[in-house]
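Good morning, everyone. Please take a moment with the sequence and the structure on the screen.

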Amino acid sequence: MAGLYEIWQRAEVWRRLDVLSGFIAMCVAGDDEARRRLAQLVAGADAALSSSPPDLEVASEYLHELIWWADTEWADHPYRPVEARPDEADRQTRDYAKDLRHAALSASARDEMGRIELSLEVRFLALCRQPGLDCRIRQDIFYVAGRAAMALDLGHLEAAEREIRRMEQVGAVEPRESRCG
């Protein structure tokens, strides 16, 4: 199975490729030659990313050609996509990476992951609805729930279950008057 860093790199290239190729497709809608060129570039990048092992260098070259094309032809276009802020780019890339990671798992592992994810959501919501939770405890619950979600994203089911138990322990502290402003 592909390493996590490799999955992240593939996801990052695919994310940028999807956004830019969608924009260019809109711009070249009436130009058959440009549409063929776009299709060839996207197909080349997809083939490089889908190969085993993925050829990130070749896929990145195709992506850079798309960037150059957009910069040359549509630099001032009002809908030209700009690179997302780092936090937003990471959120988007994370979604792509989760999809790639999910596709690499067996059906039984995906089922188990779904069960754990549902358990996390139900327990998290139940803890958040407890009346009178101290602000600090509520923050700790959010933090530990985030760790459990991250473990699921990485496919580490045991760590996710461990973090869910930890979240329940944090939430089991006696509620007191909230000091949140």
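Two residues are in contact when they have heavy atoms within 4.5 Å. Keep that cut-off in mind for what follows. One caution: this is a predicted model.

Let me begin with leucine 56. Leucine 56 belongs to helix α3. What does leucine 56 touch, not counting residues up to four places away in sequence? Gln9, Arg10 and Leu49. Leucine 56 and valine 13 are 43 residues apart in sequence, yet their C-alpha atoms lie 8.0 Å apart in space. Is leucine 56 buried or exposed? Its relative accessible area is 19%. Buried means under 20%, so leucine 56 counts as buried.

Now serine 50, in helix α2. Serine 50 is exposed, because its relative accessible area is 52% and the cut-off for exposed is over 50%. From serine 50 to arginine 10 there are 40 residues in sequence, but 9.1 Å in space, C-alpha to C-alpha.

Next, the loop between α2 and α3. Proline 53 is found there. The peptide bond that joins serine 52 and proline 53 is cis, with omega at about -5°. Most peptide bonds are trans.

How many residues does the largest one have? Take leucine 38 as a case. Leaving out residues up to four places away in sequence, leucine 38 touches Ser21, Ile24, Ala25, Val28, Leu66 and Trp69.

Now look at the aromatic rings. The whole structure has 3 aromatic pairs. One of them is phenylalanine 23 with tryptophan 74. The ring centres are 6.0 Å apart, the planes stand at 90°, and the pair is edge-to-face. Where do the two partners sit? Phenylalanine 23 is in helix α1 and tryptophan 74 is in helix α3, 51 residues apart. Phenylalanine 23 is buried, at 6% relative accessible area. Tryptophan 74 is buried too, at 13%.

Here is another pair: phenylalanine 124 and phenylalanine 142. Why is this pair edge-to-face? The planes are at 90°, and edge-to-face needs over 60 degrees. The ring centres are 5.0 Å apart. This pair joins helix α5, with phenylalanine 124, to helix α6, with phenylalanine 142, 18 residues apart. Phenylalanine 124 is buried, at 17% relative accessibility. Phenylalanine 142 is partly exposed, at 46%.

Back to tryptophan 69. Phe23, Trp69 and Trp74 form one aromatic cluster. The charged end of arginine 37 sits over the ring of tryptophan 69, 4.0 Å from the ring centre.

Which residues of α6 are buried? Cys135, Ile137, Ile141, Val144, Ala145, Ala148, Ala151, Leu152 and Asp153. An α-helix has 3.6 residues a turn, so residues three or four places apart point the same way. Check that list again with this in mind. What covers the buried residues of α6? The cover includes α4, α5 and α7.

From α7, pick out glutamate 163. At 8% relative accessibility, glutamate 163 counts as buried. Glutamate 163 touches Val144, Arg147 and Ala148, again not counting residues up to four places away in sequence.

Last, the two ends of α6. Aspartate 134 lies in the loop between α5 and α6. With 4% relative accessibility, aspartate 134 is buried. At the start of α6, a side-chain oxygen of aspartate 134 comes within 3.0 Å of the backbone nitrogen of arginine 136. Just after α6, glycine 155 takes a positive phi of about 80°. Most residues other than glycine have a negative phi.

That is my tour. Thank you.

Definitions and conventions:
Residues are numbered from 1 along each chain as its sequence is written. This is a predicted model: local features need pLDDT of at least 70, side-chain atom pairs count only at pLDDT 80 or more; totals for chains, interfaces and linings use all residues. Side-chain values use heavy atoms; hydrogens and water are left out. Buried means under 20% relative accessible area, exposed over 50%, partly exposed in between (1.4 Å probe, protein chains only). Helices (H or I, at least four residues) and strands (E, at least two) are DSSP runs, numbered from the N terminus. A polar contact is a pair of N or O atoms within 3.5 Å; within protein, one must be able to donate a hydrogen and the other to accept it, and residues adjacent in sequence count only if both atoms are side-chain atoms. Rings of Phe, Tyr and Trp (its six-membered ring) pair if their centres lie within 6.5 Å; planes under 30 degrees apart count as stacked, over 60 as edge-to-face and the rest as tilted. A charge sits over a ring if NZ of Lys or CZ of Arg is within 6 Å of the ring centre and within 35 degrees of the ring normal.
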